[in-house]
Amino acid sequence: MENTITGKVIVITGASSGAGRTIALHLAQDGAFLVLASRNEAVLKELAMECRDLGTKALVVPTDVTDHASVWQLARTAYEWKGRIDVWANNAGVLAAGTFEKMPWENHQRVIATNLLGYMSGAHAVLPYFKYQRRGILINNISIGGFLPVPFGGAYSASKFALRGFFEALKAELTDWPHIHVVDLFSAFLDTPGIHHASNYTGKVLKPAPPVYDPMIMAQAVRASILHPKSTRYPGAASLLFKIGHAIAPELTTKFAGLLMKMYLRKAESASSTDGNLFNTVNFAMSTNGNTRPHLKRAVKRLLKTGALLAGAGFAVYLMAGRKTSRHVR
């Protein structure tokens, strides 16, 4: 069963739409036994039927990842279903956009509770089963937001940066468990309905920052991580480029991100403030895609060129600084 998806029990949080839904449908084609979790039970039941139509088994477990008792019950239900949990995919996430001090404090807290504590809760609930089995794969959809700051999304950035640190610590803790794998996925921005579900206090219509990729790249990365677990993966060509750019020239990259967001907000259409899906589930745009990619092709090309220039400029600065240091030492 090591190098196959068929028959593996796979838990997916945030499965009702976007990347989670895409992952579920992709793995269903391989015959995985899917445990589908999110707050929206009705949508999960529809997804479960789609998965069964693809020839596999699916179990629906309504779950709020901000409630640890609910996450603990998810793990217990999944284990009791087939007597094991092979893979746990942390995927549930939310976004709150707006000027930091104008955003209601409760919204910041909810983002942290979902994106950070929700993932930690999943790990806390499933690890006892993994250790009992002496094997398991924990996959975390962190996104490039774990390296690249998102202006006007401070709590989102805080949660993603913190996730990277937490799972690095957990990997170090699990070095004596060679068959328990923790895989972090740092994808580029995905074309999912999440942007439509976001809490929005910017006063403007939100669109994802280019380049924007089909969520299928995340599903493919999850599949690859089950078959060949490795510590990190970077789905989407721009993802690793952004990471390198920020590592070499963090101040330049941060200023560029802020400038890009401010330019967009000045030109974007007006929108009313909303809490989105932070506190309650929604019943619109529960598909795999957010239908934003086709309109951004030119912007993607421009941003990739700019990103390459930033990475190149940062590398040049790095080399020059190294030469100066070398001369000083001599």
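Which residues point one way from E2, and which the other way? Phe33, Val35 and Ala37 point to one side of E2, while Leu34, Leu36 and Ser38 point to the other, and all are buried. The model is predicted, and the points below are grouped by topic.

- Strand E2 covers residues 33-38, and six of its six residues are buried, so the strand is largely enclosed by the rest of the structure.
- In a regular strand, side chains alternate between the two faces of the sheet.
- Strand E1 (residues 9-13) runs parallel to E2 and is joined to it by five bridges.
- Within this pairing, Ile10 stands opposite Leu34 of E2.
- Strand E3 (residues 58-62) also pairs with E2 in the parallel sense, over five bridges.
- Leu34 has Ala58 as its bridge partner in E3, and Leu34 also stands opposite Ile10.

**Crossovers between the strands**

- A right-handed β-α-β unit is made by E1, helix H1 (residues 18-28) and E2.
- E2, helix H2 (residues 41-53) and E3 make a right-handed β-α-β unit as well.

**Helix H7**

- Helix H7 spans residues 216-227, twelve residues in total.
- From its first C-alpha to its last, H7 reaches 17 Å, close to the 16 Å expected at 1.5 Å a residue.
- The buried residues of H7 are Ile217, Met218, Ala219, Ala221, Val222, Ser225, Ile226 and Leu227.
- Arg223, which lies in helix H7, is partly exposed, with a relative accessible area of 29%.

**Salt bridges**

- Side chains of opposite charge can pair when their charged atoms come close.
- The whole structure holds nine salt bridges.
- One of them joins Asp30 to Arg223, with the closest N and O atoms 2.6 Å apart.
- Asp30 belongs to the loop between H1 and E2 and Arg223 to helix H7, so this pair ties together parts that are 193 residues apart in sequence.
- Asp30 is partly exposed, at a relative accessible area of 21%.
- Lys45 and Glu41 form a salt bridge at 3.6 Å, N to O.
- These two residues are four apart in helix H2, a separation of about one helical turn.
- An α-helix has 3.6 residues a turn, so residues three or four places apart point the same way.
- Lys45 is partly exposed at 47% relative accessibility, and Glu41 is partly exposed at 36%.
- Glu168 and Lys171 meet in a salt bridge at 3.9 Å, N to O.
- Glu168 and Lys171 are three residues apart in helix H5, about one helical turn.
- Glu168 counts as partly exposed at 42% relative accessibility, whereas Lys171 counts as buried at 15%.
- Salt bridges link Glu168, Lys171 and Asp184 into a network.

**Aromatic pairs**

- A pair of aromatic rings is described by the distance of the centres and the angle of the planes.
- The count of aromatic pairs is six.
- Among them is the pair of Phe147 and Tyr234, with 6.4 Å from centre to centre and 40° between the planes, a tilted arrangement.
- This pair links distant parts of the chain, the two residues being 87 residues apart.
- Phe147 lies in the loop between strand E6 (136-141) and helix H5 (154-173), and Tyr234 lies in the loop between strand E11 (232-233) and helix H8 (237-248).
- Phe147 is buried, with a relative accessible area of 11%, while Tyr234 is partly exposed at 24% relative accessibility.
- Ring pairs join Phe147, Phe186 and Tyr234 in a cluster.

**Charges over ring faces**

- Lys82 lies over the face of Phe33, at 4.7 Å from the ring centre.
- Phe33 is also one of the buried residues of E2, and it points the way that Val35 and Ala37 do.
- Arg164 lies over the face of Phe161, at 5.6 Å from the ring centre.

Notes
Residues are numbered from 1 along each chain as its sequence is written. This is a predicted model: local features need pLDDT of at least 70, side-chain atom pairs count only at pLDDT 80 or more; totals for chains, interfaces and linings use all residues. Side-chain values use heavy atoms; hydrogens and water are left out. Rings of Phe, Tyr and Trp (its six-membered ring) pair if their centres lie within 6.5 Å; planes under 30 degrees apart count as stacked, over 60 as edge-to-face and the rest as tilted. Buried means under 20% relative accessible area, exposed over 50%, partly exposed in between (1.4 Å probe, protein chains only). A charge sits over a ring if NZ of Lys or CZ of Arg is within 6 Å of the ring centre and within 35 degrees of the ring normal. Two strands pair if DSSP finds at least two bridges between them. A crossover is right-handed if, with the strands pointing away from the viewer, the path from the first strand over the helix to the second runs clockwise. The expected span of a helix is 1.5 Å times one less than its number of residues. A salt bridge is a side-chain nitrogen of Lys or Arg within 4 Å of a carboxyl oxygen of Asp or Glu.
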